[in-house]
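I opened the model to look up strand pairing, salt bridges and aromatic pairs. The entries follow in the order in which I took them.

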Amino acid sequence: MMRKIVGISAVIAFTLAISGCASLNQPSTPNAAVTSTSQREYHQVIDLSGRLSVRYQQDGKEQAVHGSFTWSQTSDHTIVTVLSPLGQTLATIDITPQQSTLHQAGQPLRTAADVDMLTAQTLGWPLPIAGLRDWLQGFGADANGKRFNLSPASDSSASNITTADHWLLQYVGWQTVDGSSGIAGSYPKRIDLSRNTEQAGQVAIRIVIDSAQAH
């Protein structure tokens, strides 16, 4: 997954991949939401880090970007940092209910009330940042509005979910957390997202979560 990210659009694409979301809404899953079967808790205040890859089409050609990210969220604030394969900071996205900002070294600060609009205007293809606040933890709602709380015990069909905005979520891998990080039990390890778009053809995002710390 080590390819050089070329051009501002690729950097923004990379930035979007981990961050992508509409103006920050509070998660629809309560802080202590658990099910009797999975006993998994949603954490509104959490720090994550990991790796990602994005595939899309630009001018009829396949494009791919790779790197790593950090994600820090509270109930009403999210900060995402995008890093190159060599660990250089490529972009920082700061999201609050009032506005979203995107900062790149040497570039003007970009600001908008809606981060999806901010990124789509720059890149030309959508990304589900608001959804990721839930999805990164295995929670969310499907296309029919039905809430889900997944675990490794979920059957394969339950782990492949289509959302109301037409993203297909696939929970490919899970990891066991011992509780020392504020999280106990099972936690998503790898999540694949895909969606067919008019702007960039078939968009595919792979997210691998290496660490998670709840507060």
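**Entry 1**

I started at Leu 48, which stands opposite Trp 71 in β2. The model is predicted, so I noted the terms: local features need pLDDT of at least 70, side-chain atom pairs count only at pLDDT 80 or more, and totals for chains, interfaces and linings use all residues. Residues are numbered from 1 along each chain as its sequence is written, and side-chain values use heavy atoms, with hydrogens and water left out.

I took helices (H or I, at least four residues) and strands (E, at least two) as DSSP runs, numbered from the N terminus. I counted two strands as paired if DSSP finds at least two bridges between them.

β1 and strand β2 (residues 61–73) are antiparallel and share 13 bridges. Their hairpin has 2 residues between the strands, and Asp 59 there takes a positive phi near 55°. I then looked up the pairing of β1 with strand β12 (residues 201–214), which is also antiparallel. That pairing runs over 10 bridges. Within it, Asp 47 has Gln 213 of β12 as its bridge partner.

**Entry 2: the sheet as a whole**

What is the order of the strands in the open sheet? I read 10 strands in the order β6-β5-β4-β3-β2-β1-β12-β11-β10-β9, with antiparallel pairing. The edge strands are β6 (110–112) and β9 (160–162), each of which pairs on one side only. Neighbouring strands of this sheet are turned by 20° against each other on average, direction ignored. For that angle, axes are lines fitted to C-alpha atoms (for helices over the stretch in contact), and angles run from 0 to 180 degrees between N-to-C directions.

Leu 102 has Arg 110 in β6 as its bridge partner.

**Entry 3: salt bridges**

I required a side-chain nitrogen of Lys or Arg within 4 Å of a carboxyl oxygen of Asp or Glu. The count by this rule is 5 salt bridges.

One of them joins Asp 134 and Arg 147, at 3.5 Å from N to O. Asp 134 is in helix α3 (residues 129–135) and Arg 147 in strand β8 (residues 147–149), so this pair ties together parts that are 13 residues apart in sequence. For burial I used relative accessible area: buried under 20%, exposed over 50%, partly exposed in between (1.4 Å probe, protein chains only). Asp 134 is buried at 8%, while Arg 147 is partly exposed at 37%.

Lys 189 forms a salt bridge with Asp 210, and their closest N and O atoms are 3.3 Å apart. Lys 189 lies in strand β11 (residues 184–197) and Asp 210 in strand β12, so the pair ties together parts 21 residues apart in sequence. Lys 189 is partly exposed at 26% relative accessibility, and Asp 210 is partly exposed at 36%. I also found Arg 51, Lys 189 and Asp 210 linked in a network of salt bridges.

Arg 190 and Asp 192 form another salt bridge, with an N to O distance of 2.7 Å. Are these two residues buried or partly exposed? Arg 190 counts as partly exposed at 23% relative accessibility, and Asp 192 counts as buried at 12%.

**Entry 4: aromatic pairs**

I paired rings of Phe, Tyr and Trp (its six-membered ring) if their centres lie within 6.5 Å; planes under 30 degrees apart count as stacked, over 60 as edge-to-face and the rest as tilted. The count by this rule is 2 aromatic pairs.

Tyr 42 and Phe 139 have ring centres 5.5 Å apart and planes at 80°, so I logged the pair as edge-to-face. This pair links distant parts of the chain, with Tyr 42 in the loop between α1 (7–19) and β1 (46–58) and Phe 139 in strand β7 (residues 139–141), 97 residues apart. Tyr 42 and Phe 139 are both buried.

Tyr 171 and Trp 174 form a stacked pair, 6.0 Å centre to centre with 25° between the planes. Tyr 171 is buried, at a relative accessible area of 6%.

**Entry 5: chain totals**

The protein chain has 3 helices and 12 strands. Of its 215 residues, 49% are buried.
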